[in-house]
Amino acid sequence: MELLQAIEQRHSVRAYTDKSIDDEVKTELMSYIQSCNKESGLNMQLVVDEPKGFDGLMAHYGKFTGVRNYIAIVGKKSSELDEKCGYYGEKVVLKAQQLGLNTCWVAMTYKKIKTAFVVNPGEKLCLVIAIGYGKTQGNPHKSKEKEAVMKVKGETPEWFQNGVNAALLAPTAMNQQKFLFLLNGDKVSTKAGIGFYSKIDLGIVKYHFEIGAGTKNFHWE
Ligand SMILES: Cc1cc2nc3c(=O)[nH]c(=O)nc-3n(C[C@H](O)[C@H](O)[C@H](O)COP(=O)(O)O)c2cc1C
């Protein structure tokens with residue numbers, strides 16, 4: 001499955017079957033997480049067969065059921081950490097979709113089980129991504145109009161529109177879609193709106209934009 005197809009097919013899934021992640025799939029996912037960690041300096045960890053993080057009141061309130069696996073998104077504290085978590089976490093989300101798994105980013109409705117993952121000195125757990133075989137494939141979210149999230153001087157090239165379209169299919173906290181893509185020549189810059197987790201959202205939508213637009217067409221400013 002191509003990444004664009006993964007973007008189109010991905011929706012947040014909150015109800016999971018009790019099927020364990022296939023061994024081959026787990027191996028491939030873990031090796032992808034390792035390569036993302038190497039590139040980014042993050043310390044993302046796949047936690048399997050650990051139901052306690054999602055068996056409390058919080059998870060119930062968040063309408064999560066059957067979550068036994070998740071990815072702990074851990075990294076060194078810095079002003080860039082949130083955006084980095086978004087960008088690399090979404091890489092893992094789309095890889096998971098390609099491998100036939102479902103996911104949901106979770107910032108609020110889970111319990112931190114400190115024995116399930118490692119947080120080294122100077123690091124923090126930003127959030128988690130629930131992962132597994134969904135009972136359904138989820139549903140498409142409502143989206144803002146393209147024009148509401150882009151600003152262009154002059155003509156709008158097709159690649160830029162494709163990038164924005166891919167960004168609008170991305171998960172954002174509470175589906176807030178508070179981001180802006182600005183085009184100037186072949187330079188693209190971004191702005192995160194004010195809102196909970198909007199820097200994490202920005203990292204996520206930047207990865208989607210790269211896939212939709214094609215990285216050869218532009219430079220980040
Ligand atoms: C940073 C972030 C945090 C999120 N936190 C939660 C959460 O705590 N609970 C939850 O049910 N969904 C959470 N979500 C999922 C969003 O609600 C979901 O992505 C959004 O409604 C869009 O739907 P979609 O992912 O199906 O496209 C989060 C998403 C992101 C990107």
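I started with the secondary structure around the ligand. Strand E3 (102-106) supplies at least two residues of the shell, and helix H6 (198-213) also supplies at least two. I kept in mind that this is a predicted model.

Next I looked up the domains. The shell draws at least three residues from domain 1 (3-132) and at least three from domain 2 (146-215). I noted that both domain bounds come from an automatic or database assignment.

I then went through the shell itself. I found 23 residues surrounding the ligand. Arg10, Ser12, Arg14, Met108 and His141 are the closest. I sorted the shell by class: 13 residues are nonpolar, 7 are polar and 3 are charged.

An N or O atom in the Arg14 side chain lies 2.7 Å from an oxygen atom of the ligand. For Thr109 I looked at the side chain, where an N or O atom is 3.3 Å from a nitrogen atom of the ligand.

I also looked up the cover. On its own the ligand has 620 Å² of accessible area, and the protein covers 89% of that.

Last, I checked the pockets. The largest pocket is the space that the ligand takes.

Definitions and conventions:
Residues numbered from 1 in each chain as written. Predicted model: local features only at pLDDT ≥ 70, side-chain atom pairs only at ≥ 80, totals over all residues. Heavy atoms only, no water. Near = heavy atom within 4 Å. Polar contact = N/O pair within 3.5 Å; in protein donor to acceptor, adjacent residues only side chain to side chain. Areas by Shrake-Rupley, 256 points an atom, 1.4 Å probe, with all protein chains shown as cover. 1 Å grid on protein atoms, 1.4 Å probe; cavity = no way out; pocket = protein on both sides within 12 Å on 5 of 7 lines; lining within 4 Å. Sits in = over half its atoms within 2 Å of the grid points. Helix = DSSP H or I, 4+ residues; strand = E, 2+ residues; numbered from the N terminus. Nonpolar A, V, L, I, M, F, W, Y, C, P; charged D, E, K, R; others polar.
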